[in-house]
2 protein chains.
Amino acid sequence: MAGRPTNRDERYLQVMQALVRCVARFGLEGATLTQIAKEAGLTRPLIRHHLGNREEMIGYLTEFVISRFSEQNTTMISALPKQERSTALVQMLFSESAVSAPDMVLAFASLTARATDDADLRAKCRTSLLSFEDAIAKILRDDHPSVDDIRIDATAHGIAALYFNVTSLAPLAMPENRKSLASLVAHNLLEDLKD
Amino acid sequence: MAGRPTNRDERYLQVMQALVRCVARFGLEGATLTQIAKEAGLTRPLIRHHLGNREEMIGYLTEFVISRFSEQNTTMISALPKQERSTALVQMLFSESAVSAPDMVLAFASLTARATDDADLRAKCRTSLLSFEDAIAKILRDDHPSVDDIRIDATAHGIAALYFNVTSLAPLAMPENRKSLASLVAHNLLEDLKD
DNA sequence: TAATTGATTGTCATTATTGACAGTAAAGCA
DNA sequence: TGCTTTACTGTCAATAATGACAATCAATTA
């Protein structure tokens, strides 16, 4: 009754990672099926079998990037300690391990650039970004309950902006001291909340 | 002795603006000659006449984007008042007029993404970015001579990162209050220098 | 073993894009 | 008017990429 077992999920992950990598490097239009196949170590028809045509491919990509973002945030937040959460958060965001996922951010940037023409995509990117900032804001508020919302939101926005900037500039291989500058600024922003 | 007068410079500007616009929207590979022509209101062969083949085109683009960045910075700095320069700088950076040039930043982002594979390009983008931050730092130092260099550099880095983030996220058409948040954070960073 | 289901591959026509070249038009000067 | 220089256009072969379909392989169950 049943046939060959599906490996759809693992293949999907494998293909998606290759896709993200290619889009990060060559942009949405520059990511050729052949390149994706090469990156994934698979054949072109197989990629197409899993991803469908180009339009569907972009749909899968947005779904993947956005959902991964959201779940990455929740896991990061759940990994925070009980006290000094905001400091720990900033340390996680600007540690090497977190910055080692720049392809994701670059792919996200490619999507946002295209969002000019696509209202749906724009809405998705926007809510994704806002929920990221909101998650940060929530943690900040826990540590600083007496600070008013605007300052909390502004600080969260600043930390998010710094994170995106540092991460999306990873291809430039900036000198090491520049990276630590971003972390320093983020901590300064946290200090401001203690006044 | 002399022939038809050249309009190379004006055409060059016209073509370049169309190119920047297309690259901002569709990425480096997605910017088709036909699209550029359509955007510029010219014919495809004419575009090719001025830009040469694709490789040369990218060369022209980097030259254009980077030089415009540098000269935009110098003009902005020369437009600053005598006193309270750092505050005025932040206001200029986050005013509507400055943010109305997001295509430039998006094109720059496309170039940086490709810089992974191209050492020359990487070096150019890097120095361009660093000189931007240095220009900011110089102004900050004028207003706060007693603050040590690391804090100055960190603040300059933060302001630059905020600017890039806000500008490159322009396609998302963020709600108005979010934009003012970035400006607020930048001013907060300035306040920190007064301790 | 046969059947079934899905993964994987091979192949090809269609299309889009490029690169190149020859040729035409326009604008200045002798 | 003729000459020269540059802008601009038309056209076409070559290439790269896509989309689609048929065919084959692999794994599981009856």
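Modeller: This is a predicted model. Rolling a probe the size of a water molecule over the atoms shows where empty space is left. In this case, the structure holds 4 cavities of 30 Å³ or more.

Biologist: How much space lies in the largest cavity?

Modeller: The largest cavity holds about 550 Å³ of space. Its lining is made up of 38 residues, and those nearest its centre are A:Leu106, A:Ala109, A:Ser110, B:Ala109 and B:Ser110.

Biologist: Which elements give two or more residues to the lining of the largest cavity?

Modeller: In chain A they are α1 (8-30), α7 and α9 (149-168), and in chain B they are α1, α7 (102-114) and α9 (149-168). Sorted by class, the lining of the largest cavity has 22 nonpolar, 10 polar and 6 charged residues.

Biologist: Take A:Ser110. Is A:Ser110 buried or exposed?

Modeller: The relative accessible area of A:Ser110 is 18%, so A:Ser110 counts as buried, the cut-off being under 20%. A:Ser110 belongs to helix α7 (residues 102-114) of chain A. Leaving aside residues up to four places away in sequence, A:Ser110 touches A:Val23, A:Gly27 and A:Leu28.

Biologist: What is the volume of the second largest cavity?

Modeller: The second largest cavity has a volume of about 50 Å³. Residues from both chains line it, among them A:Arg151, A:Asp192, B:Val185 and B:Asn188. The elements giving two or more residues to this lining are α9 and α10 (176-192) of chain A, with α10 (176-192) of chain B. The largest share, 3 residues, comes from α9(A). By class, the lining of the second largest cavity has 4 nonpolar, 2 polar and 2 charged residues.

Biologist: Now the DNA. How many residues surround DNA strand D?

Modeller: There are 24 residues around DNA strand D, and the closest are A:Arg44, A:Arg54, B:Arg4, B:Arg11 and B:Thr43. Of the atoms of DNA strand D that come within 4 Å of the protein, sugar and phosphate account for 65%.

Biologist: Which side chains have polar atoms by a phosphate oxygen of DNA strand D?

Modeller: Two examples will do. A polar side-chain atom of A:Arg54 lies 2.7 Å from a phosphate oxygen, and for an N or O atom in the side chain of B:His50 the distance to a phosphate oxygen is 3.5 Å. The elements that give two or more residues to the surface near DNA strand D are α3 (44-51) of chain A, and α1 (8-30) and α3 (44-51) of chain B. The largest share, 5 residues, comes from α3(B).

Biologist: How do the residues of that surface divide by class?

Modeller: The surface near DNA strand D has 7 nonpolar, 9 polar and 8 charged residues.

Methods:
Residues are numbered from 1 along each chain as its sequence is written. Chains are lettered from A and ligands numbered from 1 in the order in which they are written. This is a predicted model: local features need pLDDT of at least 70, side-chain atom pairs count only at pLDDT 80 or more; totals for chains, interfaces and linings use all residues. Side-chain values use heavy atoms; hydrogens and water are left out. A residue is near a molecule or strand if one of its heavy atoms lies within 4 Å of it. A polar contact is a pair of N or O atoms within 3.5 Å; within protein, one must be able to donate a hydrogen and the other to accept it, and residues adjacent in sequence count only if both atoms are side-chain atoms. Helices (H or I, at least four residues) and strands (E, at least two) are DSSP runs, numbered from the N terminus. Ala, Val, Leu, Ile, Met, Phe, Trp, Tyr, Cys and Pro count as nonpolar, Asp, Glu, Lys and Arg as charged, and the others, Gly among them, as polar. Buried means under 20% relative accessible area, exposed over 50%, partly exposed in between (1.4 Å probe, protein chains only). Contact means heavy atoms within 4.5 Å. On a 1 Å grid over the protein atoms alone, a cavity is a set of points where a 1.4 Å probe fits but cannot get out, and a pocket is an open set with protein on both sides within 12 Å along at least five of seven lines; lining residues have an atom within 4 Å of a point. Grid points are joined across faces, edges and corners, and a volume is the space filled by probe spheres set on the points.
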